[in-house]
Amino acid sequence: MRRILFLGLLTLFLLTGCNSSTLSFSEIENVPKNVQSTINTDNTLQLIYKDENSYYVVFHSSGIVTGNVVFTDRTLTIQFEVQDEDKHPLKQHVYILERDPVQEMIAVTVNGKSTHFDNFTTGL
């Protein structure tokens, strides 16, 4: 009985480990040169393809910016909140996004309002 229980728990732990999420979203300070040369400063939002499940997200905004991601159904939503826009100069914010293959669509909101990427760049 103990052996069956042990094997069941071991299988559960292995399956849980195989399905672990790789979702992450963090701002980076040191932007690689090949990425920086691809950034279009005329765009507010730009998505730059890094590899199959990784992207750079570039957001030009004044104010204090915080970014977060939420995953529902098969949509990954990047949520930006901007505060004190009139008190700060325009600044470039670059994030690295690592997603799971099950996340089929990427959506973006700024201060709760749905928006879109101005540009999607491939071929770094």
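Mentor: Let's start with a definition: rings of Phe, Tyr and Trp (its six-membered ring) form an aromatic pair if their centres lie within 6.5 Å; planes under 30 degrees apart count as stacked, over 60 as edge-to-face and the rest as tilted. By this rule the count comes to 6 aromatic pairs. This is a predicted model, where local features need pLDDT of at least 70, side-chain atom pairs count only at pLDDT 80 or more, and totals for chains, interfaces and linings use all residues. Residues are numbered from 1 along each chain as its sequence is written, and side-chain values use heavy atoms, with hydrogens and water left out.

Trainee: Why is the pair of F59 and F80 called stacked?

Mentor: The ring centres of F59 and F80 are 4.4 Å apart and the planes make 20°. The cut-offs are within 6.5 Å and under 30 degrees, so the pair counts as stacked.

Trainee: What makes this pair a tie between separate parts of the chain?

Mentor: F59 lies in strand β3 (residues 54-61) and F80 in strand β5 (residues 75-83), so the pair joins parts 21 residues apart in sequence. Strands (E, at least two residues) and helices (H or I, at least four) are DSSP runs, numbered from the N terminus.

Trainee: How do you know whether F59 and F80 are buried or exposed?

Mentor: Buried means under 20% relative accessible area, exposed over 50%, and partly exposed in between (1.4 Å probe, protein chains only). F59 has 3% and F80 has 0%, so each counts as buried.

Trainee: Why is the pair of F80 and Y95 called tilted?

Mentor: The centres of F80 and Y95 are 5.4 Å apart and the planes stand at 55°, so the pair is tilted. Y95 sits in strand β6 (residues 91-98), 15 residues from F80, and Y95 is buried, as is F80. Ring pairs also link F25, F59, F80 and Y95 into a cluster.

Trainee: What makes R74 and E104 a salt bridge?

Mentor: A salt bridge needs a side-chain nitrogen of Lys or Arg within 4 Å of a carboxyl oxygen of Asp or Glu. For R74 and E104, the N to O distance is 3.9 Å, so the pair meets the rule. The structure holds 1 salt bridge. R74 is in the loop between β4 (64-72) and β5, and E104 in the loop between β6 and β7 (105-110), 30 residues apart.

Trainee: Why is R74 called partly exposed and E104 exposed?

Mentor: R74 has 45% relative accessibility, so R74 counts as partly exposed. E104 has 61%, so E104 counts as exposed.
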